[in-house]
Each structure stands twice: as structure tokens, then as C-alpha cells.
Amino acid sequence: MSTAYRTRQIGDVEIFYREAGPPDGPVVVLLHGFPTASHMFRDLIPILARDYRVIAPDLPGFGNTSAPPRGQFDYTFDNLAGVIDRFLEALQLDRYALYIFDYGAPVGLRVASKHPERVTALISQNGNAYLEGFGNSWGLWQAYWREPTAAHREACRVSLSPDMIRNWQYFDGSDRTSVSPDGYTLDIAYMARPGRSEIQLDLILDYRSNVALYPAFQAYLREHRPPLLAVWGRNDAHFIPAGALAFRTDVPDAEIRFVDAGHFALETHAAEIGARMLGFLGRTLAQRRR
């Protein structure tokens, strides 16, 4: 089934999104992370779209979604989540499963915590909500969180460099001969656009707000027990396997699966992850209908 490429104006932000699948099918919303966009789902969308209506937006400041100037729009995770919440409402989506990856996790969990009745299931692919999930690669960012000085901000700029995107985000933990250059080449190009690095540095600083909300996210999971599949690249140095296993603290029957990949597991394991999602969603949504 073909994918449609659409836009929707939400306040000052023009959201670009991909849509595929039967219009009356159960909805799956895919939320991407740093430093990428909805193109990361290019191999997953056709797998899901046979049975599900798939919606994959680019977050504000990412990909083909507009990036209002800093000062006109504050680049915080609260604001990203607010825009995505209003976007889903504009599409009149009142029931959906959420796929959360990387930055998409704190965005999606904010939305889910606000509207627990709308969430039919959660799929976390290296989308963290626990302190246990942090690897050893966060030193520069954590120093910036503790002391938001100009020097620490500048030190974090290395995270936006082509070498770091290619090697730190895509290659690390994966068989690099199986990683297509398409994804990281496009991400590098997106990151090089005027003004985007400052937007990203704003979000790096604000990432500390996500950590502060982990207890609230965990309370949402504990209280509402959404059906949850955590399917992670086990070799991810940023969000390590302990973060996937931690979901069982609050959702004891969470399904936990690992694939032999790094952070961008879809680059090498889209077919396996897609198959696991189809099985999980098929079982979960059928049970909920009964």
C-alpha cells in the first residue's frame, strides 16, 4: 500500500507527516527521535500498513516539519508534545497505539499521560523512561544539564557533527555493512540547515525535563497498565537493555524483546521488529475488542 505525504498546520508549526494503510483501520502513530525524522520508518510503514492506519509525523524542528524561529517557538519537550497532541486531535484520532523511539518517548509519554484512555498500546523501540536505561555516553549532556553554561553548550555541539551522527548514532552496535547510508546522510543534511544546531542544543538542555518526569511517566504506566512491547537494539550504548527490562517494574506483563542491533534498530531489523509488532498488536487489540 502506498504512502501519502501530507501537511497539517498546528499553530505556528506546519507538521509534515506520512500516512498509509486503510483509513478505517486501527491507528498506529510512529514518533521518531534524534537526529532523524519520519523517514526512519520507511521500511516499517509498509509492513504495518497492510492492517493498520499508520501516521508518522516529523517533530517540530525536524525533517520536513517547519522550524519556527527560536523566540517565536520555544524548543522544549513540553512544546513538542503539545504540538503533537494538537496534531493528533486535528486528525480526529481518539484511539491509537504509540510507537516511541528516543526523543519520541518523552513526547509520546507526555501525550499518553494526558490521554490514557486514547492509548491502545505502547511499543518502545529504545525509547527510555527509567534511569536504569542510561548508558555511559551521556557525560557531556549531563554536564550541560547540571551547569547550563556557554562552554557546556558548545561542548555538546559535537553531538550534532556528521561523524557523531554516522558513527555514534547509526553504526555503533550494528553491522555497519547492513546500515544503508540513506538514513544518516539525510539526517546530516537536515542538521546542517541554518539555525537547526541551536534548536538541537536547546532540546539537549531541555532533555533534563524528561528525566524529571520519569516518576510521572512510571506512575502513568503503573496506574493504566497499557499493553506494552519493548523491542530494543541490545547493543545500544545510549539506552541500554536495562531500560527495556525496567518497564516490567510498572507493567509486569510487558513483552520484552531484543534484536542484535544498536540504537537505530530499524535500519537493520525492520522486518523482525515489524513482525513482532504485528503479532503483539494483533493479540492486544483483539483482546481489547473482546
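Tyrosine 17 is buried in this predicted model, with a relative accessible area of 4%, where buried means under 20% relative accessible area, exposed over 50% and partly exposed in between, for a 1.4 Å probe and protein chains only. Because the model is predicted, local features need pLDDT of at least 70 and side-chain atom pairs count only at pLDDT 80 or more, whereas totals for chains, interfaces and linings use all residues. Residues are numbered from 1 along each chain as its sequence is written, and side-chain values use heavy atoms, with hydrogens and water left out. Helices (H or I, at least four residues) and strands (E, at least two) are DSSP runs numbered from the N terminus.

**Aromatic pairs**

- The structure holds 25 aromatic pairs, a pair being two rings of Phe, Tyr or Trp (its six-membered ring) with centres within 6.5 Å, counted as stacked for planes under 30 degrees apart, edge-to-face for over 60 and tilted for the rest.
- One of these pairs joins tyrosine 17 and phenylalanine 87 in an edge-to-face arrangement, at 5.0 Å centre to centre and with 70° between the planes.
- Tyrosine 17 lies in strand β2 (residues 13-20) and phenylalanine 87 in helix α2, so this pair ties together parts that are 70 residues apart in sequence; phenylalanine 87 counts as buried at 0% relative accessibility.
- The rings of phenylalanine 73 and tyrosine 75 also form an edge-to-face pair, because their centres are 4.9 Å apart and their planes stand at 65°.
- A cluster linked by ring pairs includes Phe34, Phe62, Phe77, Tyr103, Trp138, Tyr207 and Phe217.

**Helix α3 and its surroundings**

- Helix α3 (residues 104-114) is mostly covered, with nine of its 11 residues buried; among them are Gly104, Pro106, Leu109, Arg110 and Ala112.
- The buried residues of α3 pack against β3 (27-31), α2 (77-90), β5 (96-100), β6 (119-124) and α8 (196-224), contact meaning heavy atoms within 4.5 Å.

**Crossing of α3 and α8**

- The axes of α3 and α8 come within 10 Å and cross at roughly 40°, with axes taken as lines fitted to C-alpha atoms, for helices over the stretch in contact, and angles running from 0 to 180 degrees between N-to-C directions.
- The two helices α3 and α8 are therefore oblique to each other, on a scale where angles under 35 degrees count as roughly parallel, over 145 as roughly antiparallel, 65 to 115 as roughly perpendicular and the rest as oblique.
- The crossing of α3 and α8 is left-handed, a term for a near helix turned anticlockwise from the far one by less than a right angle, with right-handed used if it is turned clockwise.
- Pro106, Leu109, Arg110, Ala112 and Ser113 of α3 make this contact with Tyr207, Ser209, Asn210, Leu213, Phe217 and Tyr220 of α8.
- By class, the residues of the contact of α3 with α8 divide into seven nonpolar, three polar and one charged, where Ala, Val, Leu, Ile, Met, Phe, Trp, Tyr, Cys and Pro count as nonpolar, Asp, Glu, Lys and Arg as charged, and the others, Gly among them, as polar.

**Phenylalanine 217**

- Phenylalanine 217 has its place in helix α8 and is buried, with a relative accessible area of 3%.
- Not counting residues up to four places away in sequence, phenylalanine 217 touches Pro106, Leu109, Arg110, Ser113 and Asn210.
- Phenylalanine 217 and alanine 192 are 25 residues apart in sequence, and their C-alpha atoms are 33 Å apart in space.

- The axes of α2 and α8 come within 9 Å and cross at roughly 80°, which makes α2 roughly perpendicular to α8.
- In this crossing, Phe77, Asp78 and Leu80 in α2 meet Leu203, Asp206, Tyr207, Ser209 and Asn210 in α8, and the contact has four nonpolar, two polar and two charged residues.
- Helix α6 (residues 162-171) and helix α7 (residues 181-191) pack at an angle of about 140°, with their axes 10 Å apart; α6 and α7 are therefore oblique to each other, and their crossing is right-handed.
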